[in-house]
Structure formats: C-alpha cells, structure tokens
Amino acid sequence: MAVEEKEVGFLGLGIMGKAMATNLLRNGFKVTVWNRTLSKCDELVENGASIGETPAAVVKKCKCTIAMLSDPSAALSVVFDKDGVLEQICSGKGYIDMSTVDADTSSKINEAITSRGGHFIEAPVSGSKKPAEDGQLVILAAGEKALYEEAIPAFNVLGKRSFYLGQVGNGAKMKLVVNMIMGSMMNALSEGLVLASTSGLDPWNLLDVLDLGAIANPMFKMKGPTMIQNSYSPAFPLKHQQKDMRLALALGDENAVSMPVAAAANEAFKKARSMGLGDLDFSAVFETVKVLQHQS
Ligand SMILES: NC(=O)C1=CN([C@@H]2O[C@H](COP(=O)(O)OP(=O)(O)OC[C@H]3O[C@@H](n4cnc5c(N)ncnc54)[C@H](OP(=O)(O)O)[C@@H]3O)[C@@H](O)[C@H]2O)C=CC1
Ligand SMILES: O=CC(=O)O
C-alpha cells in the first residue's frame, strides 16, 4: 500500500494536521492535501504538496489517506457526505483516522470502509502542536494489523512511539482515558495556582516546587508559566478538550464507572466555553477558576 511508497493523502489541516502533513513532506513523502476551508492548503502547496478538491478526489489519487479532523461529526461528514471518502474507497486503499473521536464513531467508519473492500485503522495521537511539529507524537492505533504495519514508515515520521492496541475502538478509548486524566490535571493545576496566589505564595515558586517533586510533568512545566502570564495561544483548543471530557464521561456511563473528578473538570471546561474561551488553549480553563475565586 502507498504508505510504503511514501505517498499519502491528508484530510484536515488544522493545528495538528498542518504540522503532521508538513512533517511528512519534509521527510520525503508525496502528500495530497484537502481541507474544508481550501485556502488552508496554500501553505502546504508552497511546501510541495498537491491539492485534492474533495476528500473523494484525494482518496481516488492516493492508496492511503490520513485524516485529522476536529470531532466525531467532522470525521463522519468527511467519510459519509457527498464527495466524501466512501465514494472512492475500494479494495487496496487504506484510510487512517487520527482524529480524537469515540469508539462508536470509529466503528461506523470502519464498517463503511471495510464493507467497500477498503482497509481501516484508527490512530489518535497523544501530544500537542509542538510534538506534532517535532514528530514526537504518541500514536494509539487499532484496527487492521496489516494496514498498521504498512503505516509504520509514516508513523515513524509523525511520532516517537506507536502502540497497536487491537480491535477498532481501543485506540479511541485509550485516547479518551488519557485526555480525561489530562483535563482533570489541568483543573488541579489551575486550582493550585489560584490557591497559591490567594494565600500569599508566589505561583512561580509553586511551579518550581512541583517540577522537582513526584508530580512533575511536562504539561505543568510547559503550561504553568503561560497560565501565570494569562497567555492562551491555542496549541490544544479548549473546545476539543471539552469534547474529549464529554466523550470520556460517556465511556464512563457505558461502563458504569463513576468519575466525579472528571465530571467536575468537564463542568469547568463547559463554563470556559460559555465564557467564549473555546478557541483558546485548554489551559484557559484557569480563567474559570479565577472567576469563581473573585465571586466568592
Ligand atoms: N491540538 C492538539 O494539541 C491535539 C489535538 N488532537 C485532536 O486532533 C484533532 C484535530 O485537532 P486540531 O488540529 O487541534 O483542531 P483544529 O480545530 O485546529 O482543526 C480542526 C480541523 O477539522 C476540520 N473540520 C472541522 N469540522 C469539519 C467538518 N464538518 N467537515 C470537514 N472538516 C472539518 C477543520 O477544517 P476548517 O479549517 O475548514 O475549519 C480543521 O481542518 C481533534 O480531534 C483533536 O481533539 C489530538 C492531539 C493533540
Ligand atoms: O489531545 C491533546 C494532547 O495534548 O494530546
């Protein structure tokens, strides 16, 4: 399949897709790109990409196509709608959806693709804008093993490690569990920063102390300083983090897993969206904690 031949289609040039497609180009892949807002293809074309006018046109041209789209409704639309992936998928063609969606969405796409003879894996990623630019993502793949193996040269460009997790749905679930934990941690950090400042401590000292102890982690180290400076340039948009909390909570509902911490974190992300912060970085949830503090 074409991933081996270093030729891929790429659907979705948002924060992640643009960085990932650029990386593939830099590493010698021929890439044919499509984005709903077609003008976002221009920069990629300047860097050597070809353009497909529709998802169907990309799939027609390429033996393997990667998608990186915002949410379940975008992932479904690009496959099932007019001029979508299904119109051209057929035997010998592969489709790799790297968007963060729920297992049901992924299963629907898998069934539709495979019923037309195509091959499918889901492969959501852990890691944000910078890891995407640096080819340091963690890839959580599941589905047809043969396609996974054929995708390894591309995954080696995009990520520092890829996991094969078995049947379709397992990649989606793993990603949601990871992001549920991340969203809860972001809320804990936000509350810690407010508690530190309000009780007379220097929040910069808090970050230094955290970084030297058992709960040190790259997210606190990277986001803490920008949060203190009220700077929320989006790497991971807050609206997507809230989508992931919602989908993780639905997974908890299905499995009767009680998750009060995640539920509270989801409320904070919802509040942040209602404050108009959805397009900012997910660390802007800090603003909701500050608002609550000022109200008390
Ligand atoms: N940013 C991050 O740090 C990470 C994000 N993710 C996940 O990766 C995915 C992409 O994230 P990111 O790049 O940040 O998101 P962006 O919001 O930057 O990009 C979203 C992309 O989806 C497209 N899109 C949205 N709705 C539709 C639709 N109905 N039909 C077709 N295309 C659509 C957008 O097109 P258009 O340009 O026209 O709006 C754009 O290309 C999400 O699932 C996210 O949860 C995973 C790991 C890290
Ligand atoms: O999904 C977001 C991430 O940082 O991973």
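Two strands count as paired if DSSP finds at least two bridges between them. Strands here are DSSP runs of E with at least two residues, helices are DSSP runs of H or I with at least four residues, and both are numbered from the N terminus. With that in hand, welcome to this predicted model, in which local features need a pLDDT of at least 70, side-chain atom pairs count only at pLDDT 80 or more, and totals for chains, interfaces and linings use all residues. Residues are numbered from 1 along each chain as its sequence is written, chains are lettered from A and ligands numbered from 1 in the order in which they are written, and side-chain values use heavy atoms, with hydrogens and water left out.

**Confidence**

- The protein chain has a mean pLDDT of 96, and 98% of its residues reach 70 or more; pLDDT is the predictor's confidence in each residue, from 0 to 100.
- For the model, the scores are ipTM 0.99 and pTM 0.97.

- Strand β8 covers residues 137-143, and seven of its seven residues are buried, so the strand is largely enclosed by the rest of the structure. Buried means under 20% relative accessible area, exposed means over 50%, and partly exposed is in between (1.4 Å probe, protein chains only).
- In a regular strand the side chains alternate between the two faces of the sheet.
- Both faces of β8 are covered: one side has the buried residues L137, I139, A141 and G143, and the other has V138, L140 and A142, also buried.
- Strand β7 (residues 125-126) runs antiparallel to β8, with two bridges between them; S126 has V138 of β8 as its bridge partner.
- Strand β6 (residues 119-122) is also antiparallel to β8 and joined to it by two bridges, and I121 stands opposite G143 in β8.
- Strand β9 (residues 159-164) pairs with β8 in the parallel sense over five bridges, where I139 faces S162 of β9.
- Together, β8, helix α7 (residues 145-158) and β9 form a right-handed β-α-β unit. Right-handed means that, with the strands pointing away from the viewer, the path from the first strand over the helix to the second runs clockwise.

- T105 belongs to helix α5 (residues 103-115) and counts as buried because its relative accessibility is 4%.
- Setting aside neighbours within four places in sequence, T105 is in contact with P72, A75 and L76 (contact means heavy atoms within 4.5 Å).
- T198 lies in helix α8 (residues 170-198), and its side chain reaches the backbone oxygen of V194 at 2.6 Å.
- T198 and K173 are 25 residues apart in sequence, and their C-alpha atoms are 38 Å apart in space.

**Around the ligands**

- Ligand 1 is surrounded by 26 residues, of which the closest are N35, T37, K40, S128 and K243; a residue counts as near a molecule or strand if one of its heavy atoms lies within 4 Å of it.
- Oxygen atoms of ligand 1 lie 2.6 Å from a side-chain N or O atom of N35, 2.7 Å from a polar side-chain atom of K243 and 3.3 Å from a backbone N or O atom of G14.
- Ligand 2 has S126, G127, S128, K175, N179, M182 and F236 around it.
- Oxygen atoms of ligand 2 lie 2.7 Å from a side-chain N or O atom of K175, 2.8 Å from a polar side-chain atom of N179 and 2.8 Å from a polar backbone atom of G127.

Terms used: A polar contact is a pair of N or O atoms within 3.5 Å; within protein, one must be able to donate a hydrogen and the other to accept it, and residues adjacent in sequence count only if both atoms are side-chain atoms.
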